[in-house]
Amino acid sequence: MKFGTVDAYSAANFPYGKLMKTLKKEKFNRKEGKKIVNYVCSFDTETTNIVLDGKKQSFVYLWGFSFNNDFYVIGRTMEEFMEFIDNLIEFLSMFNLNIAIYCHNLSFDYMFIFNFIEEKYRDCKTFTTDKNDVVTYDIPYIQFRCSRKLTNLKLDQACKKYDVEIGKLNQDKFDLDLDYSKIRTTVTELDFREQDYFVHDLQAVVCLVKKLLDLYDDNIKSIPLTATGYVRRVCRRGCLDDDRFVYAYRTLDLTPEVYDMCKDNNKGGNAHGNRYKYNQLQFGMLSGDMISAYVFEMLNSYVPMSKFIEHKSFTKEQFHEYLEKYCCLFEIYFDHIKLHDRDNWDCISKSWVLNHGHKDYKPEYITEDNGRIIEAKNIKLVLNERDFAEISRHYDFKYRIGLFYTAFRGRLPYQLRNIIFEYYKKKEDYIKFKHTKFDYLYQNAKSELLSIFGMMLTDIIHPTWKIDKKKKKWIKEENTNADKYYYLHNYFKTQKRVHFTYTPWGNWIVSGCRNELEQLSLCFKTPIYHDTDCVKGKGLDKSKLVAYNARKQQICANNGYMYRGRCPGMVVIDHEYDQFIHFGAKRYMYKESGEDDIKITIAGCYKGCADQIKDLRDINLNREKVTFTDATMTAQHNIEDIHYIEVKGVKILTASNVYLETCSYTIDHFKNHYAKAKILKPGRAY
């Protein structure tokens with residue numbers, strides 16, 4: 001049958017003989033005893049939202065497969081889908097072949113198909129990184145993979161970035177409306193544009209994966225499952241091929257207790273706004289951005305380079321001596337802590353507090369500024385010496401120390417630092433491609449560099465998530481201390497040369513970057529907003545900025561990390577704002593110098609949702625809150641058994657599903673926000 005611009009087959013008449021002839025021309029790779037075909041396939045669905053009996057749900061009205069863009073299978077119902085899956089598995093089993101099928105956002109498509117597949121096939125495995133976040137789905141002879149994980153981009157963005165031969169069609173330019181709220185059933189007639197748009201998605205995924213295979217000289221067996229995997233592979237080879245690295249690495253270790261403390265100490269980037277300037281329109285601001293901030297820390301700063309040793313008895317003087325000489329990881333109990341008067345660097349996040357909801361040990365109260373602690377009593381945190389130093393500069397407190405561990409300081413192994421610097425030089429070399437037809441080369445080099453830092457923060461004990469069909473929700477399977485001990489011991493002592501990262505490295509790199517961000521803020525007379533590697537403010541002291549960059553250049557020069565007169569960590573003034581206003585962390589609006597459009601940065605919202613705002617002064621002066629229509633997309637995951645529904649007189653087989661809905665977003669200026677605070681208000685009890 002003709003479907004869009006291609007000849008497609010139904011589940012009943014697919015030409016398996018022709019497919020076999022094509023597969024014979026492809027190379028086979030063996031992986032874990034399986035014969036994997038080096039053949040790129042894709043799968044996609046189209047769904048419709050409905051509300052039945054007051055419940056929001058959705059169902060599939062169109063599904064399709066592309067086999068290397070040679071053959072296409074199109075179906076409308078889930079009965080047809082299972083007919084095809086059964087026939088395909090039977091065909092593959094006859095020749096003991098395995099194939100990989102890519103979905104761009106497998107987490108979405110998985111919800112619509114797993115019930116039907118697992119009703120018949122019990123030997124299925126789902127690899128997830130979190131609930132509703134599926135990386136692979138293994139069924140007999142088929143592995144569904146998420147192509148979005150390979151790029152961390154939407155399909156249209158990925159196709160544009162990698163200059164893919166067949167890209168995703170633009171709905172607006174194609175004069176097409178595929179709104180999920182428009183009800184289409186399994187018998188709704190689809191016009192040529194709708195058919196061709198769907199086929200293009202299948203083709204685009206195949207072309208994208210092929211492009212990545214060519215770019216990295218990969219095959220279906222060797223291609224990583226995630227974007228980080230490309231760099232992880234290079235780092236693994238560069239480190240583990242050196243016996244000296246392997247010997248040093250095996251001296252490291254983590255006990256379950258230290259591992260849990262490292263997880264509690266993982267702070268993340270520092271994103272916050274000056275509470276005294278909250279909801280106040282600013283004029284004539286500058287933004288200072290640290291170039292490759294984490295790279296500077298990875299190349300130059302110290303990290304723990306030995307096994308952590310517990311100290312059970314020590315004086316306060318000894319404690320401070322340890323902080324000066326060692327990497328320290330410790331529990332700290334603040335009996336009372338209060339931010340300095342008029343200090344805008346409230347760096348303790350409420351999420352760091354470990355005794356929320358604790359039965360026997362609760363905070364007496366916490367006064368907060370948009371999630372940051374202003375004053376608190378009786379709170380418990382896990383800190384390292386860099387965190388403690390930052391807090392000491394801005395808070396007055398009384399404290400007690402609980403568990404206390406130290407490790408020797410050292411820089412990252414030179415084998416790993418050499419790889420990081422090579423990726424940095426590659427990114428610098430590819431700057432010339434920025435904003436050209438080869439921009440994807442620069443963007444890719446930039447992503448690779450960021451991936452190295454991402455590896456440092458990857459949890460080495462992956463939690464297991466699975467769907468409990470009886471409880472109808474995702475369940476996280478927690479690891480016991482015995483499980484952790486067994487896994488951690490094998491992680492560091494295995495004779496296989498597999499692992500090369502150490503969880504505490506990421507903690508210290510993040511803390512170092514947070515300290516550098518604080519130092520950058522001192523270059524501004526009035527810092528207004530900061531986020532991980534940039535500070536936006538007024539009254540830039542150019543002499544301080546020159547000194548800041550000179551210090552970093554000297555450090556990099558001493559360590560051999562200058563490249564073409566530049567080094568990682570240097571600050572450039574990359575934006576000038578005529579107008580700027582912030583409403584807390586990850587929420588701000590601005591108009592850049594020389595531009596008329598107002599832009600918005602709100603976590604989870606579309607960049608274009610600010611089009612309705614014409615003047616920031618209107619928000620600042622005349623409103624207590626502002627609402628953006630069609631600002632964000634929410635997803636409601638419904639875990640259901642297989643059942644029939646009736647829509648427009650059509651009986652449709654469905655099961656678990658995802659209801660996608662475009663929603664508005666409201667900024668309530670002063671809701672739960674401690675703005676313009678001069679005198680502390682009474683704390684909120686927990």
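Please keep in mind that the model is predicted. In total, the structure holds 32 salt bridges, and we will visit a few of them.

Let us start with Arg275, which forms a salt bridge with Asp346; their closest N and O atoms are 3.9 Å apart. This pair links distant parts of the chain. To find Arg275, look in the loop between β11 (271–273) and β12 (282–290). Asp346 sits in another loop, the one between β15 (327–339) and β16 (365–369), and the two residues are 71 residues apart.

Our next stop is Lys350, whose partner in a salt bridge is Glu368, with 3.2 Å between the closest N and O atoms. Lys350 lies in the loop between β15 and β16, while Glu368 belongs to strand β16, so this pair ties together parts that are 18 residues apart in sequence. Here, too, both partners, Lys350 and Glu368, are buried.

Now turn to Lys599 and Glu595. These two form a salt bridge in which the closest N and O atoms are 3.3 Å apart. Are these residues buried or partly exposed? Lys599 has a relative accessibility of 29%, so it counts as partly exposed.

Note on methods
Residues numbered from 1 in each chain as written. Predicted model: local features only at pLDDT ≥ 70, side-chain atom pairs only at ≥ 80, totals over all residues. Heavy atoms only, no water. Salt bridge = Lys/Arg side-chain N within 4 Å of Asp/Glu carboxyl O. Helix = DSSP H or I, 4+ residues; strand = E, 2+ residues; numbered from the N terminus. Buried < 20%, exposed > 50% of the residue type's maximum accessible area, 1.4 Å probe, protein only.
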